[in-house]
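Please read the following walk through a structure with the model open beside the text. The paragraphs take up its chains in turn.

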Amino acid sequence: MSVYLLRGVSPLGAEPVDLLIRDGVIAELGTRLSAADARVIDGAGLVALPGLVDLHTHLREPGREDAETVESGSRAAARGGWTAVHAMANTDPVADTAGVVEQVWRLGRRSGWVDVRPVGAVTVGLGGERLAELGAMADSAARVSVFSDDGMCVHDAVLMRRALEYVKAFDGVVAQHAQEPRLTENAQMHEGEVSAALGLTGWPAVAEEAIIARDVLLAGHVGSRLHVCHVSTAGSVEIIRWAKARGIDVTAEVTPHHLLLTDELVRTYDPVYKVNPPLRTADDVAALRAALADGTIDIVATDHAPHPVEAKDCEWGSAAMGMTGLETALSVVQEAMVDTGLLDWAQVATRMSSTPARIGRLADQGRPLAVGEPAHLTLIDPAAVWDCDPAAMATSGRNSPLRGRKMSGQVVATFYLGQPTVLDGALNEPVELS
Amino acid sequence: MSSAQRATDPSGTSPPSPAVSPAAPAPDARAVLEAAEISRALSRIAHEVLERNKGAGGLILLGIPTRGVHLARRLARRLAEIEGTEVPVGALDVTMHRDDLRRQPIRAIGATNVPAEGIDDHVVVLVDDVLYSGRTIRAALDALSDLGRPRAVRLAVLVDRGHRELPIRADHVGKNLPTSQLERVRVHLSEVDGEDSVWIEGGS
Amino acid sequence: MKHLLSAADLDRDAAVSVLDVAEQMAATQQREIKKLPTLRGRTVVNLFYEDSTRTRISFEAAAKRLSADVINFSAKGSSVSKGESLKDTALTLEAMGADVVVVRHPVSGAPHRLAHAGWIRGAVVNAGDGTHEHPTQALLDAFTLRRRLVGEDRGDSSLGQDLKGRRVAIVGDVLHSRVARSNVLLLHTLGAEVVLVAPPTLLPVGIGSWPCTMSYDMDGVINGDHGDLDAVMMLRVQQERMNAAYFPSAREYSRRYGLDAKRVAALPDHALVMHPGPMNRGLEISAEAADSARSTIVEQVANGVAVRMAVLYLILSGENS
């Protein structure tokens, strides 16, 4: 059964239409469609978006399967409306060779819930000393095009320059985790009023901004693409805006949690709020929202970072950094951006599907909802309200800062390669790939 | 510190409440002793103390805070008037020796002032306003034993309202007041409350 | 109060009542029999993840003087050094029936977690957490100040009094000092004015919102630029901070921010010299200053027992416990 008739869905928030999916593509779009062999899905009140593409996820496999696996992470992604995720390279072993990226790629295909695109490390072992074999990873079956040492910063200026230059050969992009290491030694939270009161070592905004400033100038100088991971400060936004105005080819992402939460939450000393880059001030949140609205920040990426329970069930200083996000991202974006009038659904589609697909060079994702396009899409019910309960999520990670919150908007169905991975709000079936 | 000074911060701290509160009596209260009767009772107690002790020699009065201390001072003045000798007066706070701390709101700790001569080999007369279960006096005896070894310990109270839970009795009583356990006995003294009176409230 | 995690947990009335109860406790410590039966049958656990003989003994003495049972748990050579988590240690203490856990930990916020994570039901007293707070130190400092400044001034008891109108300078490594944070909060609560003195590298970013003023000029503050001082509180400076470039050398630090005999002489006659200990004689404080008649350093230690007795009493008695 691979014929689905989505009745009365609102594509990108526009007037409701019927949408027919057949054999993996959008076959028809119109009103009062019919198909005898179709499974009909009532789409009244539902918004249809192209399948979401996450440029920044941590699937933890190989090496940290106690936190997440490609299988559990893929399921979480499907539930969240994603049809493609980029799996970051800070696994164990690090994804710095063709062998490891191909392993992750194969695990993704075997799971079949989403398109798993491995990210290749920039430096060997994330050590920041020698370039990894970027070309080999690009040529591998995984066809890596995004490279990142995320978790670590490529802080050596010469190495960053070389990487920016080198990836031009295969239209790759370096995604930088901007964190000057010497300014953030043992940093625990944003450096500001709250850190002063709580006696926790601060992570100053300048440690992010200084690296971004250097990197945009480098990218401009060598004529490369640059992508900035998880932008978290108002100052970083200013620098990126300046760079774009000068024609530098830089793109930037923001996480859902940085659009919503501030460092005031750290007063509870609850490690569920410990994340890198850290939660910052209300002014930063406002600047990030405005930047996502005006396009200075191009996309939303989750930086989904699951951890085993014991890594968070302890005192702050000993806790791991990271928050889960695949299954809550869309709701957070709806609350922070759509319900506040900053974005409409068409703009959400750009920021969570088409632009990330373009940055990652995914030709078949983030496509318009039009006849002949691949049927990767997600149906959302913006009116639904649900309780965030980490125990009920598909991700193995219980470290969601939104636990106990009422969330707005729910994914009702997700179609990957024309087949429903999520139906009626619950996981359905993965796709069998040959 | 008065019970009116309550903390309002969200962590829920509040200052300890005093053991008694100088509030106005409830509408259903009835006065059982007026100023003149209290005065007469104290005079009678003073004579009894001297009679029992065969004079003022070796006597020390220790009042139990708050009102017991004022009663002890008044008693000491009467003893001085009658016998012509100064009897040492002090205060004995028993809060830290109580056995019911966990069941009450936190109590402020009052001052303990033992006269310079100490209590060893003296006759200590404990003075309190109301004798009820006897637990305060038991705590007082424990507190005394930490301070020294008196030759004898006696007890003088303004009001005995019955319902003893321990084998404790007063040597000198101003007034016996049969009460029910539902009632409250309030003692007002001019030094604390502006006037002298004893009230019973509640009950029927 | 259920827990004592931060000096901010106490408002003015609560802080004054702790000091008043501490006075009564101190009075009992002058008697031949120093022990009181007040906390008999209660169990106090000293959970010390950092070496601290002085503070631990102070809490131990306080608990024992109130007849509580004391269990000492230090990290060295214990299950902790074998990797046991704070949570598992807490669960063990709960199983042993701890009524209150006095905890000193190198990580800021650990006592907060202990109190709120749901691992134990007892009360938690913060005996120093990382660079965050050390509330009982601030209480014993305030107690010492009140006794010496208010008690002696008025020639009578300091009961019921706060520190309104007093001015205290806190000098040294404020950035890394839990004693400084607790003292700024508590002294302000008690109505005193605080001026922090340190090189710019040792003052936290974000200090602008603290209820105090600050200065980089030690001599200026001592000479009264911020008003006449009633006390100078010197903070310990660690030698390791030199290696992290907080200041260039011990000599330069001492020259600019050390309390030497000359600076002591420039203080108002009645002003006190305080130090939470342990001291680096010759670095932040000279021997003359430490041993002078104005120094309260020794009595701060003695007052610590009375103040901790008061804290344990207020936490463990009353309906909340």
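The model is predicted.

Begin in chain A, with strand 16, which covers residues 377-387. One of the strands that pair with strand 16 of chain A is strand 5 of chain A, residues 47-50. These two run in the antiparallel sense, and their pairing extends over 4 bridges. To find the place in the model, look for Pro50(A), whose bridge partner in strand 16 of chain A is Leu377(A). Strand 16 of chain A also pairs with strand 17 of chain A, residues 406-416. This pairing is antiparallel too, and it has 8 bridges.

Chain B can be described as a whole. How many helices and strands does it have? Chain B contains 4 helices and 8 strands. Followed along the sequence, these elements come in the order β-α-β-α-β-β-α-β-β-β-α-β. Chain B has 204 residues, and 37% of them are buried. Among the contacts in chain B with a separation of 6 or more, 67% are between residues 24 or more positions apart.

Chain C is divided into domains. Domain 1 of chain C is made of two stretches, 7-133 and 302-316, while domain 2 of chain C spans 135-299. Taken over C-alpha atoms, the centres of domain 1 and domain 2 of chain C are 25 Å apart. Where the two domains touch, domain 1 of chain C contributes 27 residues and domain 2 of chain C contributes 23. On the domain 1 side of this contact, the elements of chain C that give two or more residues are helix 1 (12-28), strand 4 (123-129) and helix 12 (297-316). Helix 1 of chain C gives the most to that side, with 8 residues. By class, the domain 1 side in chain C holds 12 nonpolar, 7 polar and 8 charged residues.

The last stop is the contact between chain A and chain C. Chain A brings 17 residues to this contact, and chain C brings 21 residues. Which element of chain A gives the largest share of the side that touches chain C? That element is helix 5 of chain A, residues 193-198, with 4 residues. Sorted by class, the side of chain A that touches chain C has 6 nonpolar, 6 polar and 5 charged residues.

Conventions: Residues numbered from 1 in each chain as written. Chains lettered and ligands numbered in written order. Predicted model: local features only at pLDDT ≥ 70, side-chain atom pairs only at ≥ 80, totals over all residues. Contact = placed C-beta atoms within 7 Å. Nonpolar A, V, L, I, M, F, W, Y, C, P; charged D, E, K, R; others polar. Pairing = 2+ DSSP bridges. Buried ≥ 20, exposed ≤ 12 C-beta atoms within 10 Å, placed from the backbone. Domains from an automatic or database assignment.
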